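I opened this entry to note the strands and the ligand site.

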Amino acid sequence: MADAAGIDAVSDPPKPADPSPSGGAATLSPREAAALPAPATTGRFDGRVVVITGGGAGIGAGTARRFVAEGARVAVMDLAVDEIAPALSAGLARQGDCTDAEALARFLADVDARLGPVDVLFNNVGQSARERGGPFVESQESTWRFVLEVSLLSAMRASRLVAPGMQARGRGRIVNMSSDAAFVGDAGLADYAAAKMGVVGFTRALARELAPHGVTVNAVCPGAIRTRAHDTLSPEVLARIRAGTPAGFVGEVEDVAALVAFLASDEARFITGQTLLVDGGRWMV
Ligand SMILES: NC(=O)c1ccc[n+]([C@@H]2O[C@H](COP(=O)([O-])OP(=O)(O)OC[C@H]3O[C@@H](n4cnc5c(N)ncnc54)[C@H](O)[C@@H]3O)[C@@H](O)[C@H]2O)c1
């Protein structure tokens, strides 16, 4: 069901208030607190249809706002869409689980019917199951499957659904969310590293298949980005993260959004199959 603005009814119960609504401002280093450069608002995506999985919060929501600011009609599927829905004025917010193959297919069919063919797919959804993380030898296969489903298979399913239309139209952009954890191989997160490196391999293979049809496929690998999970970290852990990042600060969702928007733009037509790190230099390829 959609209201006048084209936003699906939201059935999720209200989420508890963010314990740090200021975004952990008290723990910001001077560079983190400095103003971000103003994003371009050039209308690069006027009339374009952009789909973002897991776009209800964090990096996905920041990227959704960026695309809206640049003229796109943005459709988001997330377990909770109450926060992002008002920002998607001419778009679509769908409350649902991206690992539910049928729900994902229904969502993409609705996007096509209501907004038009998908120009840009940002396969952002993913989770580390960090709370279940720990030594690999003690890990559970059910956790591996959870992480692979949400971080890799959902991206493969969504791509299979939108790629035929992109191929037929001779243009399209797919951006997949990986992580610098795929390269660094953070201890305690073997399943996450495996899934995110799987995203890199998937990106390359699909890029080769779709390049002759004018469709590019690239992966982005953020390092430490200040989302809600980071706001709960202790000052000691934050200090360790900054020390391991040559730039010396934790990134913002806007840092990732800027890269995704560039890769999704017409200007990036000659870039495909690439894996770009946006992590302040924690890993260099
Ligand atoms: N934040 C970081 O430091 C960081 C670093 C590297 C990679 N990443 C990746 O970026 C992506 C986004 O992470 P984030 O930090 O913005 O996380 P976040 O927790 O801030 O936001 C994730 C969003 O995804 C939604 N979501 C989770 N599982 C879902 C599902 N099964 N179906 C639908 N929606 C679902 C959540 O409801 C939430 O709105 C993930 O793939 C993550 O692995 C994040």
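**Strands and ligand shell**

I looked up β1 (residues 49-53) and β4 (residues 120-123) and found them parallel, joined by three bridges. Valine 51 has leucine 121 of β4 as its bridge partner. Strands here are DSSP runs of E with at least two residues, helices are runs of H or I with at least four, and both are numbered from the N terminus. Two strands pair if DSSP finds at least two bridges between them.

I noted that this is a predicted model, where local features need pLDDT of at least 70 and side-chain atom pairs count only at pLDDT 80 or more, while totals for chains, interfaces and linings use all residues. Residues are numbered from 1 along each chain as its sequence is written.

Next I traced the sheet. It is open, with seven strands paired in parallel in the order β3-β2-β1-β4-β5-β6-β7. β3 (92-95) and β7 (275-278) are at the edges with a single partner strand each, so one side of each has no neighbour in the sheet. Neighbouring strands are turned by 15° against each other on average, direction ignored; axes are lines fitted to C-alpha atoms, for helices over the stretch in contact, and angles run from 0 to 180 degrees between N-to-C directions.

Then I turned to the ligand. Of the 28 residues around it, Gly54, Ala57, Gly58, Gly126 and Ser179 come nearest; a residue is near if its C-beta atom, placed from the backbone, lies within 6 Å. Which helix gives the most to this shell? I found that α2 does, with three residues.
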